[in-house]
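Please look at the sequence and the model first.

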Amino acid sequence: MTNPALLDPRTARLLPWIVAIAFFMQTLDGTILNTALPAMAGDLNEDPLRMQSVVIAYMLTVALLIPASGWIADRFGTRRIFFGAIALFSLGSLLCALSESLSMLIGARVIQGLGGALMMPVGRLVVLRAYPRSELVRIMSFITLPGLLGPLIGPSLGGWLVEVASWHWIFLINLPVGLLGCWAALRHMPDLRGPERSRFDTAGFLLFGAAMLLITVALEGLGELHLPIMRVVLLLLGGMACLAAYWLRAGRIEHPLFSPALFHTRSFAVGIIGNLFARLGSGALPFLTPLLLQLAMGYSPAQAGMSLIPLALAAMAAKPLAKPLIERLGYRNILTSNTLLLGALIASLALVDAQTSTLQLIIQLSLIGACNSLQFTAMNTVTLIDLDNRDASSGNSLLSVVVQLAMGLGVASAAALLSGFSREFGDTSHVLEAFQATYLCVGLLSMLAAAIFLQLDTNDGRSGRNIEVSADE
C-alpha cells in the first residue's frame with residue numbers, strides 16, 4: 001500500500017477533483033436521461049411506456065460489476081483501471097448518441113455501465129489508500145458533493161437539451177468531460193495496488209450475477225418483453241436456484257464474494273433486506289414521474305425536468321437533519337415511521353391529475369425528497385455501523401450492489417405494473433389511470449418494508465462507532 005506521504009503536493013490537491021468530476025459525470029447521467037425517454041422513444045419508434053430497459057441495462061451492469069471492482073483495481077493498478085473506466089463510460093456515451101434502435105441503445109448503455117461500475121469504487125479506493133485517515137472525512141465530503149448536484153440539475157438540463165437540440169446531446173455532453181478525465185487520470189492518478197494478491201471468487205461471481213440477471217429479466221418479461229407467464233416463472237426459479245447455490249457455496253469456502261457470516265449481524269441483515277424492498281418505490285419514482293408529467297399531463301420535457309428540482313432541493317436540505325433525528329429517536333423508530341410515510345407519499349401521487357396545481361405537485365415532491373434523504377442516510381448507516389473493521393469493506397461492497405439492484409428492480413417492477421394496467425384499461429385515453437394505479441401499488445409495496453425495519457432492536461446502531469457511508473444518492 002502506498003504511503004500517503006509519497007504523493008506530491010500537486011497530485012494531492014488535484015486527486016479529489018478528478019474523482020469528484022467522475023462522480024458528477026455518473027450522477028448527472030443517472031438523472032438526465034429520465035426526462036428524455038419520451039423523445040427518445042418517438043425518435044426510435046418505440047412505446048414511451050416501454051423504455052425502462054434503457055435505465056435497467058445500466059443499473060444492472062453496474063450492480064453486477066461492482067463486486068469485482070476492488071479485485072480488478074488491485075490486479076491491474078488504479079491508474080489503468082480508472083482511466084479505462086472513464087474511457088469506457090465516454091465510449092458508451094458516444095455509442096448511445098449514435099444509436100438508431102432500442103437494441104443498439106441498450107448495448108451502448110451496457111458499455112456505459114461497465115465504466116460506471118468501476119469509476120466510483122476505484123476512485124474511493126484511491127482516496128482511501130492515498131490519504132491519511134485524519135483527512136478522509138474532509139476529502140470524501142468534497143468528492144460526494146457533486147453527487148448531490150447531479151440530481152438537482154440533471155432532469156431540467158435533460159428536458160432543456162431535448163427541446164433546444166435533441167436527446168443525443170444528453171450523452172454527447174459527457175465526451176469533453178470524459179476526455180478531460182482521461183487526461184487527468186493518466187497524468188495525476190497514482191498507480192496503487194493491493195498489498196497482496198487475493199484469489200477472486202469467480203464461480204461465486206458468476207452464480208451471483210446469473211441470479212441477479214435472471215430475476216431482472218423475469219420482471220422485464222412482465223413488462224416490455226411480454227414473455228409468457230411460464231417463461232417468467234422459469235426465469236424466476238432459475239434466478240432463485242442460482243442465488244441458493246451461491247449461498248450454499250459461500251458458506252463452505254474461505255474467501256467468498258460476500259460471506260453469509262455478514263448476516264450474523266442483525267442490523268446488517270435488516271439493513272440489506274430493508275434496502276432492497278424500501279428502495280423499490282424510490283427507484284421507480286425518477287422513471288415514472290417524468291413519464292407521468294409528459295405523457296399524461298402534457299408537460300414539455302423542460303417543464304417536467306424543472307418540476308423535479310424541488311425533490312432534489314428538499315433532499316439536500318434534509319441531509320443535516322438526519323443525524324440529530326437518528327440520535328434522538330433511534331434507527332428502529334426512524335426507519336419504521338419514515339418508511340410508512342414515504343410509501344404513503346408515493347401512493348399520494350395517484351391523486352395527481354390534469355387539475356392538480358403546480359403548488360400541490362411541488363409540495364408532494366418536496367416531501368418525498370426530504371423523506372427519501374432521511375431514509376437513504378438511515379438505511380445506509382444502520383447497515384454498516386455494527387460491522388467490525390474486518391467485515392466493513394465487504395459489507396459496503398454488498399450494500400453498493402443492493403442499492404443499484406434495488407433501483408433497477410424498482411424501475412422494472414413499476415414498468416411491469418404500468419404495462420399491465422395500460423393493457424387492462426385499454427386505449428391511450430386511460431393512460432393517466434394506469435399511472436395512478438401504478439403509483440398506488442408502488443407506494444403500498446414500499447410501505448410493507450416497514451415490517452422489515454421493525455425487526456431492529458432499539459439498541460441496534462447505537463454502538464458508538466463512526467462509519468463514513470458514501471453518499472451515492
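Ile 229, Met 230, Val 233, Leu 234, Leu 236, Leu 237 and Met 240 make a nonpolar surface patch of about 690 Å²; Leu 237 is part of helix H10. Patch residues have over 30% relative accessible area and no salt bridge, with nonpolar side chains joined within 5 Å; areas follow the Shrake-Rupley method with a 1.4 Å probe. Helices are DSSP runs (H or I, at least four residues) numbered from the N terminus.

The model is predicted: local features need pLDDT of at least 70 and side-chain atom pairs 80 or more, while totals for chains, interfaces and linings use all residues. Residues are numbered from 1 along each chain, and side-chain values use heavy atoms, without hydrogens and water.

The second largest pocket holds about 590 Å³ of space. A pocket is an open set of points on a 1 Å grid where a 1.4 Å probe fits, with protein on both sides within 12 Å along at least five of seven lines; lining residues have an atom within 4 Å of a point. Its volume is the space filled by probe spheres set on the points. Of the 20 lining residues, Met 212, Ile 215, Leu 243, Leu 276 and Leu 405 lie nearest the centre. Each helix below supplies at least two lining residues.

| Helix | Residues |
|---|---|
| H9 | 202-222 |
| H10 | 229-250 |
| H11 | 266-296 |
| H16 | 389-425 |

H16 gives the largest share, six residues. Because domain 2 (202-256) and domain 3 (262-465) both contribute to the lining, the pocket lies between them.

Asp 29 and Arg 109 form a salt bridge (2.9 Å, N to O), defined as a Lys or Arg side-chain nitrogen within 4 Å of an Asp or Glu carboxyl oxygen.

Note on methods. Domains from an automatic or database assignment. Patch = residues over 30% accessible without salt bridge, like charges linked within 9 Å, V, L, I, M, F, W, Y side chains within 5 Å.
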